[in-house]
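Here are a few notes from going through the model you sent. Have a look at the structure first, then the points below.

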Amino acid sequence: MMKIDKKLKRVFQIEVVETLSNIVEVNAENEQEALLKAQDMYRNEEVVLYPDDFIDTKFNIFE
């Protein structure tokens, strides 16, 4: 009699997270104002991150 070894395969969801980073200088009276200005600059595409700004890649698994 032939033995059949069937391993059940499962589907996994893998999240791939790439981190880009760039430091921008912002003139402001306090940290909160500086963060808001930097966020506005990013939203208005005054700050753009490029592949050269790559820092790290992480893989997170979800079952």
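This is a predicted model: local features need pLDDT of at least 70, side-chain atom pairs count only at pLDDT 80 or more; totals for chains, interfaces and linings use all residues.

1. Asp53 is the residue I'd look at to begin with. It sits in the loop between α1 (31-43) and β2 (54-62). Is Asp53 buried or exposed? Asp53 is buried, and yet it has no salt bridge. The nearest side chain of opposite charge belongs to Arg43, and that one is 18 Å away.

2. So what does Asp53 touch, leaving aside residues up to four places away in sequence? The contacts are Thr19, Leu20, Ser21 and Asn22, plus Val48.

3. Next, the surface. Phe12, Ile14, Val16, Phe59 and Ile61 make a nonpolar patch of about 520 Å². Strands β1 (13-20) and β2 each supply at least two residues of this patch.

4. Ile61, one of the patch residues, lies in strand β2. Why does Ile61 count as exposed? Its relative accessibility is 54%, and the cut-off for exposed is over 50%.

5. Last, a word on helix α1, which holds Ala34. Ala34 counts as partly exposed because its relative accessibility is 22%, while buried would need under 20%. Not counting residues up to four places away in sequence, Ala34 touches Val26 and Ala28.

Definitions and conventions: Residues are numbered from 1 along each chain as its sequence is written. Side-chain values use heavy atoms; hydrogens and water are left out. Helices (H or I, at least four residues) and strands (E, at least two) are DSSP runs, numbered from the N terminus. Buried means under 20% relative accessible area, exposed over 50%, partly exposed in between (1.4 Å probe, protein chains only). Lys and Arg count as positive and Asp and Glu as negative; His and the chain ends are not counted. A salt bridge is a side-chain nitrogen of Lys or Arg within 4 Å of a carboxyl oxygen of Asp or Glu. Contact means heavy atoms within 4.5 Å. Patches are made of residues with over 30% relative accessible area and no salt bridge: like charges are joined within 9 Å, nonpolar side chains (Val, Leu, Ile, Met, Phe, Trp, Tyr) within 5 Å. Accessible areas come from the Shrake-Rupley method with a 1.4 Å probe; for residues, only the protein chains shown count as cover.
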